[in-house]
Amino acid sequence: MHGKEIQNIIRLFFGKRFSKDAQLRFRYWLRMEENRDEKEDALREIWETSPSDVSEQTWNRLAEMQDRIAETQKVTLRRTWVRTWMKYAAVAAIWVLTVFAALYFPGREVEIVSPKLTEFYVPYGDQQEVLLSDGSSVWVNAGSVLIYPSEFTAATRTVFLSGEACFKVAKNPDKPFIVSTKYLDVQALGTVFSVNAYPGATETIATLEEGCIQVDTKPSTAPASVLKPNEQLIYSHLTHQIAINTVDAEQVSAWKDGYLIFKNASFEDLIATLERKYNVTINYNAEKYKGRTYYVKFNPDESIEDALLILKHLIEDFRYRITGKTISIN
């Protein structure tokens, strides 16, 4: 099948509504490995030529869709293609949003209204800094999406985050700065803090380094929490409970300088972080490592091979095999 034919099929589907059976057939065809590059090119063209007006309601639906796609990651080994889907979903192009809503939420109407937003996507294996129009700077970690207005013209400076980022907020007492995630809103006036809100994770985490932040749950089921420096709020997606702990906030955001520091971390979280850091796919037996926690630190100059050797010395009967960018752990 030629690239032009693939583009026409995708554009035709994005432009019309089809039966549930047709939607399932289209989704199956789009996810097949055959002609993957041409399909990705077609999605990219639609993304680049579509308007990007979205609302907070749109963002919440995108977060729901990202969770659904993240679930797919758990049952398939072809995660590179899934990551591409997550990128285009987060971009919030109207056509892409419409078809994803039809695929994952049939019967729902999609309403898209709001000022123009800019999308900043950081792929696996990278981390980047972005400077916002108000002078605030944001370090965005691997596998994350930050959506923000090109100019802060509203009463608040609201940005949307899926993934992990560290914020150094320019002071403006008249215009609060709000980081909106699926489960938490983190508000600051001028401060340094980090937020971890990866889709598919079981927790959303806010950590304060300097200043003061207020954290609200969504929907609000408890009074807002106000954090002091070196405090960390953990919101459980499963129990909807909040825990506030004392931490070393600089260590929490040490990933900006290339360090990975784990304290009482689950094996699942450890592996997911290594995948994002080194842009690899790691397969392992989840049941074997279930319930275990680890304390370990990786330095900026250490490769994925170095990290695996450290884990080999740390974990009994830990064996692995590297094949290209895929790692299999016993």
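# Briefing: strands, helices and cores

Serine 236 is buried, at a relative accessible area of 15%. Buried means under 20% relative accessible area, exposed means over 50%, and partly exposed falls in between (1.4 Å probe, protein chains only). This is a predicted model: local features need pLDDT of at least 70, side-chain atom pairs count only at pLDDT 80 or more, and totals for chains, interfaces and linings use all residues. Residues are numbered from 1 along each chain as its sequence is written, and side-chain values use heavy atoms, with hydrogens and water left out.

- Serine 236 belongs to strand S12 (residues 231-236). Helices (H or I, at least four residues) and strands (E, at least two) are DSSP runs, numbered from the N terminus.
- A polar atom of the serine 236 side chain lies 3.1 Å from the backbone nitrogen of threonine 239.
- Serine 236 also touches Thr202, Glu203 and Gln241, leaving aside residues up to four places away in sequence. Contact means heavy atoms within 4.5 Å.
- Asparagine 245 sits in strand S13 (residues 242-246). Asparagine 245 is partly exposed, with a relative accessible area of 35%.
- Not counting residues up to four places away in sequence, asparagine 245 touches Asn230, Glu231, Gln232 and Ile234. Isoleucine 234 is 11 residues from asparagine 245 in sequence and 8.1 Å away in space, C-alpha to C-alpha.

- Strand S2 (residues 128-131) and strand S3 (residues 137-140) run antiparallel, joined by four bridges. Two strands pair if DSSP finds at least two bridges between them.
- Glutamine 128 stands opposite valine 140 in S3.
- Five residues lie between the strands of this hairpin, and glycine 135 takes a positive phi near 95°.

**The open sheet**

- Three strands make an open sheet in the order S15-S18-S17, with mixed pairing.
- Strands S15 (281-283) and S17 (320-323) stand at the edges; each has a single partner strand, so one side of each is left without a neighbour in the sheet.
- From one strand to the next, the twist averages 15°. Axes are lines fitted to C-alpha atoms, for helices over the stretch in contact, and angles run from 0 to 180 degrees between N-to-C directions.
- S15 and strand S18 (residues 326-329) run parallel, with three bridges joining them. Isoleucine 282 has isoleucine 327 as its bridge partner in S18.

**Helices across the sheet**

- Helix H8 (residues 267-278) lies across S15 and S18, at about 150° to S15.
- Helix H10 (residues 304-314) lies across S17 and S18, at about 170° to S17.
- In H10, the buried residues are Ile304, Ala307, Leu308 and Leu311. They cover an arc of only 95° around the axis, which puts them on the same side of H10. The arc is that of the directions from the helix axis to the C-beta atoms.
- These buried residues of H10 pack against H8, strand S16 (293-298), S17 and S18.

**Nonpolar cores**

- The largest nonpolar core has 30 residues, and those with the most contacts inside it are Leu146, Val159, Phe167, Val179 and Phe193. A nonpolar core is a set of buried Ala, Val, Leu, Ile, Met, Phe, Trp, Tyr and Cys residues joined through side-chain atoms within 4.5 Å.
- Strand S5 (residues 157-168) gives the largest share of this core, four residues.
- Apart from this core lies another, of 25 residues, among them Phe267, Val296, Leu308 and Ile327.

Notes. A polar contact is a pair of N or O atoms within 3.5 Å; within protein, one must be able to donate a hydrogen and the other to accept it, and residues adjacent in sequence count only if both atoms are side-chain atoms.
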